[in-house]
Amino acid sequence: MRSFWSIALATLTKDIRLEWRSKDALNAMLFFSLLVVVIFVFSFDPLAEESRHIVGGLVWVAFLFAAVVALNQTWARELRNQVLDAYRVSPAPANALFLAKAIGNFILVSLLEALMAPLFVIFYNLRVLGPAWQLIPVALLGTWALVVNGTFFAAMSLRTRSRELMLPLLLFPVSIPAVISMVAATTSILTGDDPAHFYIVLLLSYDVVFSTACLALFETVLQAE
Amino acid sequence: MNSIKFLYAAYIATWLIHGLYIGSLVRRYGRLRQQMKDLGRGK
Amino acid sequence: MKRAFPILAVLTALLLVYAFYQALWVAPTDALQGEVYRIIYYHVPSAWTAFLLFFINFIASVQYLANARPSTARAARWIVIAIGIIGFVAPFIPQVKQQLPTGMYPSSVATTFLIITGLYFVIGKYFVDQDLDVLAVTTAEVGVVFCSIVLVTGPIWARPVWGIWWAPGDIRLTSTLVLWLIYVSYLVLRRFSDSAQTQKLAAVLAVFGALDVPLVYFSIWFFRTQHPQPVIGGGGSMDPRMLHVLLISWMAFLCFAFLVCWSRYRLEKLSREVEEAEALESLLEPAGLAGPSSAVKTPLSRGSK
Amino acid sequence: MTNPLTAPRGAPIIAVSNLVKQFGRFTALRGVNAEFDAGKFYVILGDNGAGKTTLLRALAGLTDPTRGEISILGKKPHEASRDLGYMAHPSLLYDEMSGMENLLYFDKLYDIAGNSRCEQAIQAVGLDAELSRPVGKYSQGMRQRMSLARAILHDPKILFLDEPFSNVDLHSAREMVGLLKGMRDAEKTILVVTHQAALLEGTADEFVWMQAGQIVDRTNHLARGHLAPGDAPAGEP
């Protein structure tokens with residue numbers, strides 16, 4: 001058990017270090033999310049009165065796009081020089097690798113969101129009418145929901161032809177309840193019309209269910225060559 | 001009543017979809033039979 | 001077995017014609033919706049059939065994954081038994097009984113759980129190893145066909161009755177759409193997989209999809225439904241004659257689905273045998289090499305007729 | 001010299017029976033049967049596409065065979081992972097990290113903490129542990145040696161090496177051979193897949209000849225004394 005955590009931690013620090021050394025990818029990703037925001041702003045009139053009602057959806061769809069691009073890169077590093085094989089021949093548990101990757105992606109996607117969210121606020125002149133602090137659990141739980149399944153399905157799509165295309169095809173259908181929950185929660189917090197508790201609980205149960213499933217089944221996916 | 005058209009449309013659509021699927025099954029069976037023949041010839 | 005298929009096909013055709021006649025001429029006209037309501041005799045049975053097929057897909061996938069190791073297979077068996085017992089007993093406990101929605105009887109809930117447990121063991125008895133995977137492909141594909149019919153007939157019904165093709169907040173149609181998307185992505189994965197272990201990957205995805213279903217349902221539930229009350233066990237507003245026709249129609253479609261599944265299952269089995277034979281052929285290709293040729297029997301002897 | 005097939009020096013440590021691996025219609029292994037004894041140095045030879053790499057990957061537990069059994073120390077390859085060292089044709093290292101950083105990471109996967117073990121491994125392959133250059137900037141020979149250091153990091157009983165000398169200059173290759181010889185003398189079992197078998201003449205205990213997915217011959221010398229029944233002359237350099 002101790003080795004599980006130390007392996008996960010070692011993998012995570014290794015990934016962060018590598019990400020930091022090849023800052024190009026990180027910078028490109030940041031620029032990409034900036035572009036997504038700008039495209040959205042041009043596509044949906046930010047001055048419209050009812051922008052508060054639609055912006056919850058816009059923000060999460062933008063996050064989803066940025067997340068998919070980021071997630072597609074996760075395993076690319078492990079495929080170069082086939083380093084993944086070095087992990088697979090070792091006695092290290094597959095879950096530890098998965099957990100480290102998921103946490104790494106969570107940090108990366110959160111970073112992108114932290115860049116994008118203020119831009120949305122500025123462009124759409126947002127003012128929160130509901131309890132604003134609730135946006136934090138919604139953002140954290142929602143991001144984890146996207147990232148945990150995203151990391152899993154990105155590993156699964158390694159075993160397919162045209163893997164970059166496969167990730168959204170696998171991820172989006174399963175993510176629909178999570179997307180509905182985070183959009184609805186964000187909208188109800190922004191407008192202050194309804195309480196968002198139900199959706200936060202739903203997101204939490206989504207996270208718990210799929211984190212468990214991912215950790216339990218990742219070995220099958222990793223070893224399926 | 002105009003809505004009767006919708007009723008017909010729904011029933012026709014149902015059998016159209018079933019028909020298409022069964023057609024695809026028949027086509028796949030045909031292709032399989034061809035493959036089996038090739039297999040016998042290859043030897 | 002060979003002769004059973006045409007006999008069953010004739011019976012199914014008769015049953016479908018009978019159900020068609022019942023649906024169009026015998027069932028009474030709905031007071032509010034008029035004749036167009038008769039779409040439900042195709043829409044609802046297709047939905048039930050699709051759900052049943054997806055459920056079988058889930059069971060087959062779980063069993064396929066669990067059977068990888070004896071220990072997990074045993075664990076899965078005990079978990080299923082536990083679920084069956086809890087589901088059978090719990091509805092009769094007064095506190096739980098009160099929680100049940102109106103029109104849902106404890107006995108029917110208990111029976112459902114019994115059937116679910118039974119299904120797991122029946123499938124486990126008659127399908128082993130790769131056959132479980134064949135069953136999973138079959139039910140997913142045929143399920144998607146029936147699900148497509150639900151999604152096509154639903155809006156055709158909604159247009160004249162509600163005045164709109166699609167109500168985004170409608171829980172049942174929308175969750176059916178999500179279900180359809182999940183199983184289409186399942187079929188896409190099977191098609192695109194490069195792995196020698198496609199079956200395992202597909203089974204994993206099937207489990208994910210099944211876990212998603214209750215979450216989909218609850219997430220849309222909060223949007224408030226525009227759909228009429230559930231047809232069975234929901235308020236009991238339905239004319240018993242209508243229910244009668246609905247059940248006849250469901251029987252007919254179940255038989256039809258069974259036939260289609262049977263053909264699809266045989267097709268999959270045959271094509272796997274052909275693949276295996278082709279693989280063996282390539283195994284034996286370079287003549288002169290001392291190989292396992294003498295020990296190899298072509299598996300096609302059964303399927304070639 | 002005695003025939004190793006009749007008079008094994010050690011007990012069989014790896015047993016392969018009827019191993020078949022197919023990728024769709026392509027057959028990589030068509031019924032491999034072999035035993036490999038403890039403490040011996042084997043060289044696997046054969047043309048491209050003879051199934052050498054696939055055999056090695058199956059032995060390392062990286063690819064599941066279509067049919068057949070593999071037993072390593074009486075266990076399945078996965079369960080024996082602590083006793084296996086695997087070196088592939090690609091380096092299996094992160095290009096952006098230095099050799100030491102790489103090894104420190106892989107160290108954790110085997111649950112053996114400590115810089116000293118990594119330093120030992122790096123010194124064993126004749127590199128400098130202080131080298132801070134990222135592996136991506138190494139020369140090919142250095143990278144191969146670092147890759148070997150990764151494979152021997154956890155001091156495995158059995159080593160599977162896939163093309164360890166490819167793109168390595170003759171001098172470095174000779175050094176690596178010397179290193180492997182030392183490990184064989186330390187009772188390790190070594191299986192090497194290579195095209196440069198001449199380097200290992202005199203070092204290896206046995207040459208295993210593969211052709212079209214089967215083992216066709218096993219000899220003590222690089223020159224094949226006899227041909228297997230029904231076998232065409234090998235196109236090996």
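**Figure 1. Helix α2 of chain D, residues 99-109, is largely enclosed by the rest of the structure, because 9 of its 11 residues are buried.** Buried here means that 20 or more other C-beta atoms lie within 10 Å of the residue's own; 12 or fewer makes a residue exposed, anything in between is partly exposed, and the C-beta atoms are placed from the backbone. The buried set is D:Gly99, D:Met100, D:Asn102, D:Leu103, D:Tyr105, D:Phe106, D:Asp107, D:Lys108 and D:Leu109. After α2(D) comes D:Asp111, with a positive phi near 60°. A note for all the panels: this is a predicted model, so local features need pLDDT of at least 70 and side-chain atom pairs count only at pLDDT 80 or more, while totals for chains, interfaces and linings use all residues. Residues are numbered from 1 along each chain as its sequence is written, and chains are lettered from A and ligands numbered from 1 in the order in which they are written. Helices (H or I, at least four residues) and strands (E, at least two) are DSSP runs, numbered from the N terminus.

**Figure 2. Here α2(D) crosses helix α3 of chain D, residues 115-124.** Two packed helices are described by the angle between their axes and the distance between the axes. For this pair, the axes come within 9 Å and cross at roughly 125°. The axes are lines fitted to C-alpha atoms, for helices over the stretch in contact, and angles run from 0 to 180 degrees between N-to-C directions. That makes α2(D) and α3(D) oblique to each other; angles under 35 degrees count as roughly parallel, over 145 as roughly antiparallel, 65 to 115 as roughly perpendicular and the rest as oblique. The crossing of α2(D) and α3(D) is right-handed. A crossing gets that label if the near helix is turned clockwise from the far one by less than a right angle, and is left-handed if anticlockwise. On the α2(D) side, look for D:Gly99, D:Met100, D:Leu103, D:Leu104 and D:Asp107; α3(D) brings D:Arg117, D:Cys118, D:Ala121 and D:Ile122. Residues are in contact if their C-beta atoms, placed from the backbone, lie within 7 Å. By class, the contact residues of these two helices come out as 6 nonpolar, 1 polar and 2 charged. Ala, Val, Leu, Ile, Met, Phe, Trp, Tyr, Cys and Pro count as nonpolar, Asp, Glu, Lys and Arg as charged, and the others, Gly among them, as polar.

**Figure 3. In chain C, helix α6 (residues 130-162) packs on helix α7 (residues 171-192).** Their axes are 9 Å apart, at an angle of about 145°, and the crossing of α6(C) and α7(C) is left-handed. The contact of α6(C) with α7(C) divides into 14 nonpolar, 4 polar and 2 charged residues.

Figure 4. Most residues other than glycine have a negative phi. A:Ser162 has 10 other C-beta atoms within 10 Å, so it counts as exposed. With 18 C-beta neighbours inside 10 Å, D:Leu73 is partly exposed.

**Figure 5. Chain A meets chain C, the pair with the most contacts among the 4 pairs of chains that touch.** The contact draws 25 residues from chain A and 28 from chain C. Within chain A, α8 and α9 (197-223) each supply at least two residues of the side that touches chain C. That side of chain A holds 18 nonpolar, 4 polar and 3 charged residues. Chain A itself has 9 helices and 0 strands. Its radius of gyration is 18 Å, close to the 17 Å that the globule rule gives for 225 residues, so chain A is as compact as a globular protein of that length. The radius is taken over C-alpha atoms, and the rule is 2.2 Å times the number of residues to the power 0.38. Of the 225 residues of chain A, 47% count as buried.

**Figure 6. Chain B has 1 helix and 0 strands.** Its C-alpha trace spans about 65 × 5 × 5 Å along the principal axes. Of the 43 residues of chain B, 9% count as buried. Chain B does not touch chain A, and the nearest C-alpha atoms of those two chains are 23 Å apart. Chain B and chain D do not touch either; there the nearest C-alpha atoms are 13 Å apart.
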